[in-house]
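The stops below go from one local feature to the next and then to wider views.

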Amino acid sequence: MLNRDLRAHFLLDPEVRFLNHGSFGACPREVFGVYQNWQRQLESQPVAFLDPLRGMADWMGQSRAALGAYLNADADDLVGVPNATHALNIVLRSLPLQQGDEILTTDHEYGALDKTLAFVAARTGARIVRVKVPMPLVDEATFTAALAAGLSDRTRVVFISHITSATALLFPIAPIVAMARARGIWTVIDGAHTPGHIPLDLQALGADFYAGNCHKWIMSPKGAAFLHVRPAWQDMMIPLVVSHGWQEDRSLPGPMGGTGFVDALSFQGTLDPSAWLTVPAALDFLTRMDWPEVARDCALRVGETAARIARLTGLPPLSADAYRAPQMAAMEVPRTDPAALKNHLWHEHRIEIPVYDWQERSFVRLSVQGYTTDQDLDALVEALSAYRF
Ligand SMILES: Cc1ncc(COP(=O)(O)O)c(C=O)c1O
């Protein structure tokens with residue numbers, strides 16, 4: 001039996017029932033301690049610490065190596081960036097798109113990235129083709145067929161979330177990636193929620209571009225994420241900030257001792273790299289604490305709680321269990337004013353949880369992490385059962 005008493009490992013306010021790990025994660029106390037040590041080192045000798053050639057480039061490389069081993073990726077194919085939005089902006093703004101090219105995507109994408117897609121389309125003349133994913137999501141073949149139906153001979157890019165934000169679905173993307181690759185179409189995967197949440201093998205998946213956050217489910221400090229790019233496209237990637245690591249001829253080794261790709265994208269002016277340097281400590285925490293076992297237990301509790309709430313509302317789940325993000329569930333509730341319900345849960349029950357409308361339906365999105373207690377989940381069910389929708 002799993003010892004669930006993991007709350008003491010986190011810095012979360014004990015007065016709050018924190019059911020929103022999904023938005024920004026939560027960093028374990030000891031991982032946060034490693035982060036603060038990096039920051040102290042920085043402030044004790046800022047010049048020596050931040051000079052890439054006096055250790056920093058190597059330390060950043062150690063984080064790439066640790067993450068590469070965890071994700072089955074070559075460390076030189078990935079770079080650290082502050083967040084998934086940043087990584088996906090690099091990709092979408094670097095692709096050489098032209099008037100009339102098509103970007104195939106879905107109606108479940110994250111709002112900030114929908115804006116990035118619109119931004120890129122407005123500047124390049126590319127067209128966004130948004131496929132409506134057949135709901136509920138119950139089988140891979142229907143999902144794949146819906147995306148395949150959106151392809152045309154102008155499709156240059158498929159942009160898709162691996163785990164979606166508003167609907168908390170685990171999209172079965174492997175066949176889509178394979179299909180796009182066979183047709184020479186770039187795949188850009190928004191994996192903001194996947195690292196540390198589901199097993200990831202980036203080599204096996206074979207996506208052209210994959211972005212993921214470390215600060216959500218790997219539980220690093222905020223501001224640590226990665227961009228993985230297949231070698232064929234690395235020279236094409238233009239950083240959002242051109243700085244000391246940049247050089248026009250990207251085939252040459254980078255000026256900071258890394259590859260042209262790594263150096264061009266890794267140095268962005270003065271920034272605190274401590275969150276990125278803490279990624280190996282966060283991965284080490286997951287291993288030492290046997291987090292895959294913790295996560296399995298969390299996934300069971302998400303399923304149980306979602307089923308209790310579905311019995312309460314009479315509203316069916318958005319997908320079969322296999323296509324739900326293991327540690328999250330977007331649960332439909334009767335149509336309501338989301339701000340009023342959110343305020344009620346917070347002010348009356350001290351429950352922190354996202355409540356929002358999506359496609360003219362109202363949802364509550366539950367996240368369960370190792371620190372979540374059964375009392376937290378009971379409190380949510382009780383609060384929703386007493387609420388006058
Ligand atoms: C699917 C998805 N993509 C991208 C993001 C953006 O992540 P970040 O703010 O860390 O860039 C999120 C954040 O929740 C998300 O859910």
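Start by selecting proline 136, which lies in the loop between β4 (127–131) and α7 (140–149). Helices (H or I, at least four residues) and strands (E, at least two) are DSSP runs, numbered from the N terminus. The peptide bond that leads from methionine 135 into proline 136 is cis, with omega near -5°.

This is a predicted model, in which local features need pLDDT of at least 70 and side-chain atom pairs count only at pLDDT 80 or more, while totals for chains, interfaces and linings use all residues. Residues are numbered from 1 along each chain as its sequence is written, and side-chain values use heavy atoms, with hydrogens and water left out.

Next, select alanine 168, in the loop between β5 (155–161) and α8 (174–182). Alanine 168 is not a glycine, yet its phi is positive, about 50°.

Now show helix α4 (residues 56–71) with helix α12 (residues 279–288); their axes come within 8 Å and cross at roughly 35°. The axes are lines fitted to C-alpha atoms, for helices over the stretch in contact, and angles run from 0 to 180 degrees between N-to-C directions. For the contact (heavy atoms within 4.5 Å), pick Gln62, Ser63, Ala66, Leu67 and Tyr70 on α4, and Val279, Pro280, Leu283 and Leu286 on α12. By class, seven of these residues are nonpolar, two are polar and none is charged. Here Ala, Val, Leu, Ile, Met, Phe, Trp, Tyr, Cys and Pro count as nonpolar, Asp, Glu, Lys and Arg as charged, and the others, Gly among them, as polar.

The term requires a side-chain nitrogen of Lys or Arg within 4 Å of a carboxyl oxygen of Asp or Glu. Aspartate 376 sits in helix α15 (residues 374–386) and arginine 7 in the segment before β1 (17–18), 369 residues apart. The count by this rule comes to 19 salt bridges.

Finally, colour by domain: domain 1 is 7–27 + 291–386 and domain 2 is 32–285, with bounds from an automatic or database domain assignment. Their centres, taken over C-alpha atoms, are 27 Å apart. The contact takes 31 residues from domain 1 and 30 residues from domain 2.

How much area do domain 1 and domain 2 bury between them? About 2,500 Å², with 63% of it on carbon and sulfur atoms; buried area is the accessible area (1.4 Å probe) that two parts lose on being put together, summed over both. In domain 1, select Cys27, Tyr323 and Trp358, which lose the most area to domain 2, together 27% of what that side buries. Between domain 1 and domain 2 the salt-bridge count is zero.
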